[in-house]
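Here is a short report on one chain.

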Amino acid sequence: MINFRDHMISEQIKCAICHADINVSSPIFQSKFNYSVICSRCKNLFNQEEIEIALNLFTLYGGYFGKYRDDQFSIIERLLKIVENEDENFNPEITDMKLLHFALIHGITPGEFNRSLEALIKD
Ligand SMILES: [Zn+2]
């Protein structure tokens, strides 16, 4: 555990997922792997595995959950664009990660994202 009191003197703590300021009186949660602090709202929206995946994606690609919340989000459009850019180097796993990252910065949880993908595949 970080020393919460000392930390508060120097800087405001922000949620590692959504970058919301974390109130000193609210309960906080920490990632098991990198000690990131996560707000209670994100803790409710994401399960433990999804938190670790999201933190990894933000480390890799930058941004945070809900950064572009107001943007129009189209998985199909984005998928086509990524596939276009990847060309013959197309790697389904990396494309999945990029798409999930894209969903996260638009405020879509991994659960919602997977349901959208499933609906897409069924069509
Ligand atoms: Zn948060």
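## Contacts and overall make-up

Among contacts in the chain with a separation of 6 or more, 49% join residues 24 or more positions apart. The model is predicted. Of the chain's 123 residues, 20% count as buried.

The chain holds 6 helices and 2 strands. Read from the N terminus, the order of elements is α-β-β-α-α-α-α-α.

## Confidence

Mean pLDDT over the chain is 79, and 74% of the residues score at least 70. The elements of the chain have their lowest mean pLDDT, 50, in helix α1 (residues 4-10). The highest, 93, belongs to α3.

## Helix α5

The 14 residues of α5 should span 20 Å at 1.5 Å a residue. The end C-alpha atoms of α5 are 20 Å apart, so the model agrees with that expectation. The buried residues in α5 are Lys 98, Phe 102, Ala 103, Leu 104 and Ile 105. After α5 comes Gly 107, with a positive phi near 80°.

Lys 98 sits in this helix, which covers residues 92-105. Lys 98 counts as buried because 20 C-beta neighbours lie inside 10 Å, and the cut-off for buried is 20 or more. The C-alpha atom of Lys 98 is 9.7 Å from that of Leu 60, although 38 residues separate the two along the chain.

## Packing of α3 against α5

Two packed helices are described by the angle between their axes and the distance between the axes. Helix α3 (residues 48-61) packs on α5 at an angle of about 95°, and the axes are 10 Å apart. That angle makes α3 roughly perpendicular to α5, because 65 to 115 degrees counts as roughly perpendicular.

Which residues meet in this contact? From α3 come Ala 54, Leu 57 and Tyr 61. From α5 come Met 97, Leu 100, His 101 and Leu 104. The contact of α3 with α5 divides into 6 nonpolar residues, 1 polar and no charged.

## A positive phi in a loop

His 19 is not a glycine, yet its phi is positive, about 65°. His 19 lies in the loop between α1 and β1 (29-30). Is His 19 buried or partly exposed? His 19 has 15 C-beta neighbours inside 10 Å, so it counts as partly exposed. The cut-offs place a residue in that class between 12 or fewer for exposed and 20 or more for buried.

How values were computed. Residues are numbered from 1 along each chain as its sequence is written. This is a predicted model: local features need pLDDT of at least 70, side-chain atom pairs count only at pLDDT 80 or more; totals for chains, interfaces and linings use all residues. Helices (H or I, at least four residues) and strands (E, at least two) are DSSP runs, numbered from the N terminus. The expected span of a helix is 1.5 Å times one less than its number of residues. Axes are lines fitted to C-alpha atoms, for helices over the stretch in contact, and angles run from 0 to 180 degrees between N-to-C directions. Angles under 35 degrees count as roughly parallel, over 145 as roughly antiparallel, 65 to 115 as roughly perpendicular and the rest as oblique. Two residues are in contact if their C-beta atoms, placed from the backbone, lie within 7 Å. Ala, Val, Leu, Ile, Met, Phe, Trp, Tyr, Cys and Pro count as nonpolar, Asp, Glu, Lys and Arg as charged, and the others, Gly among them, as polar. pLDDT is the predictor's confidence in each residue, from 0 to 100.
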